[in-house]
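Please consult the sequence and structure shown here while reading.

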Amino acid sequence: MRDGGLTADDGRLAADLLATLEVGLQDALNHPTRRDILRALHEDRRSRSVSEILGDLAPLRRGEVAYHAQVLKDSECVGVESSRPAPWGREQVLASLVTASDQVQLILRVTRHTDQNHRQRTATGKSPGLMAMFRVPRPTHSVRLLGRRRRGSERER
């Protein structure tokens, strides 16, 4: 394992490493997609939109990247620098607020290879992915509601 045991098989950080992180960083760095988003923002040290980040994280969908970007905003690791027009409305331009943290830089550098492998396994279907737990099964049949008013033709029969 190239990351020296810092991550588990599902891509999450090891418990002993999580315990050493600040509370705001624990949730932000405990997912490979969020670490990939931070890497994308740290590479050129410039702000980027979700669409630009999505270009670097090829097999992921816009909704996944937007969800994880929101988690990063909630944990105050990413801030909204500005917004711009997009075909679907307005798009936020994000900037990292943790570029100066040596601890974050170390974790991002050490887990890069493991996170890329995790993304590739998810894309090829060998892993259900971490978002699988949020999928809701579709109902297999419809339910007829009781007490529904019948139409005039149905009453006469």
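**Helix packing, a buried histidine and salt bridges**

With a relative accessible area of 9%, H42 is buried. The model is predicted. H42 belongs to helix 3, and helix 3 packs against helix 5. Across the whole structure, a search finds 8 salt bridges.

**Surroundings of H42**

- The H42 side chain makes a polar contact with the side chain of S96, at 2.7 Å.
- A polar contact also links the side chain of H42 to the side chain of Q105, at 2.9 Å.
- Leaving aside residues up to four places away in sequence, H42 touches S96, V98, T99, V104, Q105 and L108.

**Helix 3 against helix 5**

- Helix 3 spans residues 32-43 and helix 5 spans residues 62-74.
- Their axes lie 9 Å apart, and the helices pack at an angle of about 80 degrees.
- Angles of 65 to 115 degrees count as roughly perpendicular, and helix 3 and helix 5 are therefore roughly perpendicular to each other.
- On the helix 3 side, the contact is made by T33, R34, I37 and L38; on the helix 5 side, V65, Y67, H68, A69, V71 and L72 take part.
- Classified by residue type, this contact of helix 3 with helix 5 comprises 7 nonpolar, 2 polar and 1 charged residues.

- Side chains of opposite charge can pair when their charged atoms come close.
- R34 is buried, at a relative accessible area of 5%, whereas D27 counts as partly exposed at 44% relative accessibility.
- The side chains of R39 and D36 form a salt bridge as well, with an N to O distance of 2.6 Å.
- Both R39 and D36 lie in helix 3, where they are 3 residues apart, about one turn of the helix.
- R39 and D36 are both buried.

- E91 and R62 form a salt bridge in which the closest N and O atoms are 3.8 Å apart.
- Because E91 lies in strand 3 (residues 89-96) and R62 in helix 5, this pair ties together parts that are 29 residues apart in sequence.
- E91 counts as buried at 8% relative accessibility, while R62 counts as partly exposed at 32%.

Conventions:
Residues numbered from 1 in each chain as written. Predicted model: local features only at pLDDT ≥ 70, side-chain atom pairs only at ≥ 80, totals over all residues. Heavy atoms only, no water. Axes fitted to C-alpha atoms, helices over the stretch in contact; angles between N-to-C directions. Helix = DSSP H or I, 4+ residues; strand = E, 2+ residues; numbered from the N terminus. Parallel < 35°, antiparallel > 145°, perpendicular 65-115°, else oblique. Contact = heavy atoms within 4.5 Å. Nonpolar A, V, L, I, M, F, W, Y, C, P; charged D, E, K, R; others polar. Buried < 20%, exposed > 50% of the residue type's maximum accessible area, 1.4 Å probe, protein only. Polar contact = N/O pair within 3.5 Å; in protein donor to acceptor, adjacent residues only side chain to side chain. Salt bridge = Lys/Arg side-chain N within 4 Å of Asp/Glu carboxyl O.
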